[in-house]
Amino acid sequence: MSELYASGETFAVATVVDTYKSAPRDAGAAMLVSSSGEVTGSVSGGCVEGAVYEEALEAIRTGVPVRRTYGVSDEDAFSIGLTCGGTLHMFVEPVNRETYAQLGAVIGAIDEHQPVAVATIVSDPSDTSRVGCRRIVWPGHAEGDLGEGGERLAAALDDDVRGMLAQGSTGLLRYGVDGQRRGDELEVFVQSFAPAPRMLVFGAIDFAAAVADLGTYLGYRVTVCDARPVFATPKRFPTAEEVVVKWPHVFLDEIADEIDHRTAICVLTHDPKFDVPVLKRALSTEAGYIGAMGSRRTHEERLDRLREAGVAEEALGRLHSPIGLDLGARTPEETAVSIAAELVQNRWGGSGRALRETSGRIHRELVPAGFGQPEE
């Protein structure tokens, strides 16, 4: 794509923007068609490629983007090969330097492993001229014209897209024609280009299982690590992406270069010989959240041990301990909710108080330092 874009050629991109039931590909799957007819990528594993290919060539010829639906309810569903019982909603658009002026910046961000999302209007019954307008959203800023009267839509979209980008989510959003969140006439497809954030859970205990469940639910790629093979088993942590049997600080040292500002580290070991070494190493990384479980007495003793191990006060100030928000949690599941709540608060900068006790905007505009983009 980058070579075609740099050449100035007009090409077409067909993207799955929504699916229903047993559709062969998820939202975000894309196929590129060059002006010479060369195809890259796939949108259905072969089911509807032929029909989409013709739509792509037409988009190149006319310069007009189109939204199409292919499914078993269509009269031509069998003839185009979509017999799996699902439905694919496609958006096919012509792309060149004029229609997609920000594509170079998007490609650059992806190449540099920086999170970025592209929000494209794929349907607007009130103003078809806005179809294809897009907004590029980074954690700290956004750009892109959404057409006449698009200011309200941009404000709503920037908030919603940043939430999706933080989770690495791709999908369809619906608004009123003027950006009202209660409407559904206008459709915007959001494609996030960001690896899912990592959550590292140290200590294979029952609390860790609950934290792993909620971490996965929040969109993290969860790793559980413990030095005891009898406890660190995939069967005990079915929602974790991986379960590692190693000393926590050894494993953390091995993957230190993979840790970024979106990484969450939860130390639940309850044992100084485990948690002091791993916390010392964790506090030297760029992780956006580092929490440790324990009572207040355990916390004070842990701080003393970390100081003895040479950890500076500034680094200790990054430690969320005792871990979680004060919800009165008692069970492993409730404790996991309190930890998840603190993670969300740390990501977005909330007060942690009941919303009825606060005023002003509910949703924060920017991703704070620690998740997505460090402060300068």
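The legends below describe several close-up views of a predicted model.

In this predicted model, local features need pLDDT of at least 70 and side-chain atom pairs count only at pLDDT 80 or more, while totals for chains, interfaces and linings use all residues. Residues are numbered from 1 along each chain as its sequence is written, and side-chain values use heavy atoms, with hydrogens and water left out.

**Figure 1. The whole chain.** The chain has 11 helices and 16 strands; helices (H or I, at least four residues) and strands (E, at least two) are DSSP runs numbered from the N terminus. Along the principal axes, the C-alpha atoms fill a box of roughly 70 × 45 × 40 Å. Of the 376 residues in the chain, 47% are buried; buried means under 20% relative accessible area, exposed means over 50%, and partly exposed lies in between (1.4 Å probe, protein chains only).

**Figure 2. Spans annotated in UniProt.** According to the unreviewed UniProt entry, the annotation "domain: XdhC- CoxI" covers residues 5-71 and 110-176. Residues 110-176 are 28% helix and 28% strand, with end C-alpha atoms 31 Å apart. UniProt positions are given in the numbering used here, feature names are shortened, and annotations may be inferred rather than shown by experiment.

**Figure 3. The second largest pocket.** This pocket has a volume of about 440 Å³ and a lining of 24 residues, of which M1, V13, Y100, Q191 and F193 lie nearest its centre. On a 1 Å grid over the protein atoms alone, a pocket is an open set of points with protein on both sides within 12 Å along at least five of seven lines, whereas a cavity is a set of points where a 1.4 Å probe fits but cannot get out; lining residues have an atom within 4 Å of a point. Grid points are joined across faces, edges and corners, and a volume is the space filled by probe spheres set on the points. At least two lining residues come from each of strand 1 (11-20), strand 2 (30-33), strand 5 (87-95), helix 4 (103-111), strand 6 (116-123) and strand 10 (186-193). Helix 4 provides the largest share, 5 residues. Domain 1 (1-73 + 82-95) and domain 2 (101-195) each contribute at least three residues to the lining; these bounds come from an automatic or database domain assignment. By class, the lining holds 18 nonpolar, 3 polar and 3 charged residues, where Ala, Val, Leu, Ile, Met, Phe, Trp, Tyr, Cys and Pro count as nonpolar, Asp, Glu, Lys and Arg as charged, and the others, Gly among them, as polar.

**Figure 4. A109 in helix 4.** A109 is found in helix 4. Its relative accessibility is 6%, so A109 counts as buried. The C-alpha atoms of A109 and F193 are 8.7 Å apart in space, although the two residues are 84 apart in sequence.

**Figure 5. Helix 5.** Helix 5 spans residues 151-167; these 17 residues reach 25 Å from first C-alpha to last, close to the 24 Å expected at 1.5 Å a residue. The expected span is 1.5 Å times one less than the number of residues. The helix is mostly covered, with 12 of its 17 residues buried. Among the buried residues are L153, L157, D158, D159, R162 and Q167.

**Figure 6. The second largest cavity.** Helix 6 (206-217) and helix 11 (332-348) each supply at least two of the lining residues, and helix 11 gives the most, with 4. The lining comprises 8 nonpolar residues, 1 polar residue and no charged residues.

Figure 7. H270 lies in the loop between strand 14 (264-267) and helix 8 (272-282). Phi of H270 is near 65 degrees, a positive value in a residue other than glycine. With 47% relative accessibility, H270 counts as partly exposed. The peptide bond from S321 to P322 is cis, with omega near -5 degrees, and P322 is located in the loop between strand 16 (319-320) and helix 11.
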